[in-house]
Protein chains: 2
Amino acid sequence: MRAQADERHPDLRAALEHLLSAGGKRVRPTIVLLVGNMLGGNPDRLVTLSAAVELLHTATLVHDDLIDGALLRRGTPTLNARWSPAATVLTGDFVFARAAKLAAETESVPVMKYFAETLAVIVNGELTQMFTSKGIANRDNYYQRIYAKTASLFETCAYTAAMISNAGDETCETMRQFGYNTGMAFQIVDDILDFTSDEGTVGKPVGSDLLNGLITLPALYYIESHPGNSDVDELAEGGYADPQRVARLVAAVRASDSIQKAMGEANRFVDKALAALSAFPAGNEREALIELARYIVDREL
Amino acid sequence: MRAQADERHPDLRAALEHLLSAGGKRVRPTIVLLVGNMLGGNPDRLVTLSAAVELLHTATLVHDDLIDGALLRRGTPTLNARWSPAATVLTGDFVFARAAKLAAETESVPVMKYFAETLAVIVNGELTQMFTSKGIANRDNYYQRIYAKTASLFETCAYTAAMISNAGDETCETMRQFGYNTGMAFQIVDDILDFTSDEGTVGKPVGSDLLNGLITLPALYYIESHPGNSDVDELAEGGYADPQRVARLVAAVRASDSIQKAMGEANRFVDKALAALSAFPAGNEREALIELARYIVDREL
């Protein structure tokens, strides 16, 4: 990933270095490498694909943080917190370009198509979110949104890793299901952490989704079971913009069984991911994928 | 190109429709189709490649206009003049994604690589421009900038069109030269038009490059031959930000022989483009490419 900034000018190299040094869990490239290794894929092509998916993810984060005006990501300042909006837009574009180049270097046309389609799904999801009224509780919208935001790329990771490992159609489809289900679980747990973590751990303010008018799964469960609550009723009228009201709601959601219900839902997705893996013979990579799927829900604790 | 918005939500379709209805000369897809037809390429793949290059170009314009705060393009309001910056960033990203998908649909890995590399060159050029001091006259910078901004994509159009038409290496290289030289000429003439046109024709304010601190070829010639001029000397000190000073300079450049010198330079690039074509047997497509290369310089008149 670092090599992608070579020979460009120092400012761009510094920006990329900053983005990459912020770290992150690197879950997406891990899925690519584990799935590909399990299926006997070529290590070089898998590393190339891994770098491509992580850079695609990084590029979307750069534009996301700019759009949301987010100043912290993973506990360190975002690019837009330090650079101009213009430089941030272009750096995101540059990272997209490098992700596309790496995807092309897998030498697989189907991988390229999946890549481009996934980027369209992610961006379309963000645009939909932007044009959707804030503070509205809608379970269908929620699942569509977390698919576009997270599960689509997880799906692409597992699917394309199987594809470039020359797996058969059925195996590719099973891996797609593994990716989809871990992705859905991952985003649900992320949404739970927005309620349960403290700012120091999660690297951004607690309750930030709600403050942005975004009703995630824990809030959905709470809203569905508290129809008379005035804080709940006011959300759709713009109540999400009131920090005191949101602080009360966050405390109420934390104290309720909504967190547990959301974790139950995340666990159901993980169970489906594990069921997909059961079709494969036991081995180090399968065990590692099982661990990864379990980690997705356990990291909350 | 219009089909790329299908099944997405109405706002995005409206945005794409707006972008495409603004028209433009469609020079880049014309090069793809003429080069490909001359070399006997598959018409369907050439149409796909044409749409891909024009959408790539469109996406970079969307982000460019946002960054420059440009309110008019081709005489119609830019996307950022009507939408929020956030929606504009994402719409540009979406158009990138569709361009990448179309490029993948050419089923050619080398085309994909060229595409991704060209996007990196374009974006890197814009970042370089952003981090370069304004109002400074530097001929090397100028040629590097117009290569990154324009000639790189023209080059990619002609080269990839030859590639997917299964032309040999030598033919591909000759076509690359044709694309490079027409692209350089095209941008020089664009830069001349920024001095010589009226706002109604060019669709943006006259002298806008100079007002943005951008010293293009006509200004370079003028500056080089008027070292004592106080308006010239003040440019690097921030004089470009003074509209009256810039208006004086624009009038002076127009009245000088700098426009003619710059046209001479554009014509030299066109001559090289025509020389590249001379290697091919006469025929309708070759004649059309000759016409296109001549049009690039003649449109100024």
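This is a predicted model: local features need pLDDT of at least 70, side-chain atom pairs count only at pLDDT 80 or more; totals for chains, interfaces and linings use all residues.

Mentor: Start with how copies are compared.

Trainee: How many residues of chain B are in contact with chain A?
Mentor: Contact here means C-beta atoms, placed from the backbone, within 7 Å. Chain A brings 35 residues to the contact. On the side of chain B the number is 35.

Trainee: Which helix gives the most to the side of chain A that touches chain B?
Mentor: α1 (10–21), α3 (43–68), α5 (85–104) and α6 (109–131) of chain A each supply at least two residues. The top contribution is 14 residues. The helix is α6(A).

Trainee: What is the relative direction of α5(A) and α3(B), parallel or antiparallel?
Mentor: The axes of α5(A) and α3(B) lie 9 Å apart, at an angle of about 165°. Angles over 145 degrees count as roughly antiparallel. Therefore α5(A) and α3(B) are roughly antiparallel.

Trainee: Which residues of α3(B) does α5(A) meet?
Mentor: α5(A) passes α3(B) in a left-handed crossing. From α5(A) come Ala86(A), Val89(A) and Asp93(A). By class, this contact has four nonpolar, one polar and one charged residues. The partners in α3(B) are His63(B), Leu66(B) and Ile67(B).

Trainee: Turn to a pair inside chain A. At roughly what angle do the axes of α8(A) and α14(A) cross?
Mentor: α8 spans residues 169–196 and α14 spans residues 258–277. Their axes come within 8 Å. α8(A) is roughly antiparallel to α14(A), because the axes cross at roughly 160°.

Trainee: How many residues of the contact of α8(A) with α14(A) are nonpolar?
Mentor: α8(A) passes α14(A) in a left-handed crossing. Residues that meet include Phe178(A), Ile188(A) and Phe195(A) in α8(A), and Met263(A), Phe269(A) and Leu277(A) in α14(A). Five residues of the contact are polar and two are charged. The nonpolar number is 16.

Trainee: In chain B, how far apart are the axes of α6(B) and α7(B)?
Mentor: α6(B) covers residues 109–131 and α7(B) covers residues 139–164. The packing angle is about 175°. That makes α6(B) roughly antiparallel to α7(B). The axes are 8 Å apart.

Trainee: How many polar residues are in the contact of α6(B) with α7(B)?
Mentor: Among the residues making the contact are Tyr114(B) and Phe115(B) of α6(B), and Leu153(B) and Tyr159(B) of α7(B). The contact has 11 nonpolar and two charged residues. The polar number is seven.

Trainee: What radius of gyration does chain A have?
Mentor: Chain A holds 15 helices and two strands. Its C-alpha atoms fill a box of roughly 55 × 50 × 30 Å along the principal axes. With 301 residues, a compact globule would have a radius of gyration near 19 Å. The value for chain A agrees with that, at 20 Å.

How values were computed. Residues are numbered from 1 along each chain as its sequence is written. Chains are lettered from A and ligands numbered from 1 in the order in which they are written. Axes are lines fitted to C-alpha atoms, for helices over the stretch in contact, and angles run from 0 to 180 degrees between N-to-C directions. Helices (H or I, at least four residues) and strands (E, at least two) are DSSP runs, numbered from the N terminus. Angles under 35 degrees count as roughly parallel, over 145 as roughly antiparallel, 65 to 115 as roughly perpendicular and the rest as oblique. A crossing is left-handed if the near helix is turned anticlockwise from the far one by less than a right angle, and right-handed if clockwise. Two residues are in contact if their C-beta atoms, placed from the backbone, lie within 7 Å. Ala, Val, Leu, Ile, Met, Phe, Trp, Tyr, Cys and Pro count as nonpolar, Asp, Glu, Lys and Arg as charged, and the others, Gly among them, as polar. The radius of gyration is taken over C-alpha atoms; the globule rule is 2.2 Å times the number of residues to the power 0.38.
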